[in-house]
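Here are some notes on the model for you to read alongside the display. Please keep the sequence and the 3D view open as you go through the points.

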Amino acid sequence: MKTIFAIVGSANAHSSNHHIVNYLQQHVNATTHFTTFDRLKELPHFDPEESQSHPPIEIIALRQVINDADLILISSPEYIFSVPSGLKNLLEWCVATTVFTDKPISIITAAAQGETAHEELQRIMQGLGAQIDEKRNLLIPGVKGKLDATGEIWDEQLKLELEKLAQSII
C-alpha cells in the first residue's frame, strides 16, 4: 500500500488548502494510505542546537512519518509573497536530516496569486534533496473564487487539474 503524507501549510483550520487536500484524499484510490498533518501551530519553534542533539519528541515522530511515507504532498497558501512561517518551521526541523532526500514530493500552492511562494517552496524542497516532478506540482491562483462558501470546489477546470494530480501521485 502506498503512503501519502499531506502537510497543510495554512494555520487556518478552514482554509482553501484544507479543502484542496480533502478533495484529493477523496480522489486517490483505496489502496493508498493518505494521512493529513495540519497541526503546524503545535510544533515548537525551530532551534538549530536542539535539532541535531536532542530534538523534541514530536519532531522525532514527524521526521519518522516523513521518512516512512512514499510521497509527501504539501498544500500551502502564500503569506506576504512567501511560504507561511509554520510550514517553514516544519521544514527547518528537517534540514539537519535526510528525511526528504530523494523523497517524491507534490507541491500545491493555492492562494490569491501564489507564484512567489510556489517557486520558493520548490527551491526549499530542492535544497532538502526532495525529488520534484512538475507533473506533481500545481499552482492554483485565485483559489477562493473556485470554492463555494462551504469549501466545495465548483470550478470544473480545478476539479480536472486535481483529479489529474491525484492520478500522478498514486
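How many helices and how many strands are there in the protein?

1. This is a predicted model. The protein has six helices and six strands. Read from the N terminus, the elements come in the order β-α-β-α-α-β-α-β-α-β-β-α.

2. On overall dimensions, the C-alpha trace spans about 50 × 35 × 25 Å along its principal axes. The radius of gyration is 15 Å, which agrees with the value near 15 Å for a compact globule of 170 residues.

3. Of the 170 residues, 46% count as buried. Among contacts with a separation of 6 or more, 80% are between residues 24 or more positions apart.

4. In soluble globular proteins, nonpolar side chains tend to be buried together. Here the largest nonpolar core has 25 residues, and those with the most contacts inside it are Ile7, Ile66, Ile72, Leu90, Phe100 and Met125. Elements that give two or more residues to this core include strand E1 (2–8), helix H3 (57–68), strand E3 (71–76) and helix H5 (115–127). H4 gives the most, with four residues.

5. Which residues does Ile72 touch, leaving aside those up to four places away in sequence? They are Phe5, Ile7, Ile66, Phe100, Lys103, Pro104, Ile105 and Ser106. A second, separate core has 23 residues, including Tyr23, Leu24, Ile108 and Ala110.

6. The accessible surface comes to about 8600 Å², and 52% of this belongs to carbon and sulfur atoms.

Note on methods
Residues are numbered from 1 along each chain as its sequence is written. This is a predicted model: local features need pLDDT of at least 70, side-chain atom pairs count only at pLDDT 80 or more; totals for chains, interfaces and linings use all residues. Side-chain values use heavy atoms; hydrogens and water are left out. A nonpolar core is a set of buried Ala, Val, Leu, Ile, Met, Phe, Trp, Tyr and Cys residues joined through side-chain atoms within 4.5 Å. Buried means under 20% relative accessible area, exposed over 50%, partly exposed in between (1.4 Å probe, protein chains only). Contact means heavy atoms within 4.5 Å. The radius of gyration is taken over C-alpha atoms; the globule rule is 2.2 Å times the number of residues to the power 0.38. Accessible areas come from the Shrake-Rupley method with a 1.4 Å probe; for residues, only the protein chains shown count as cover.
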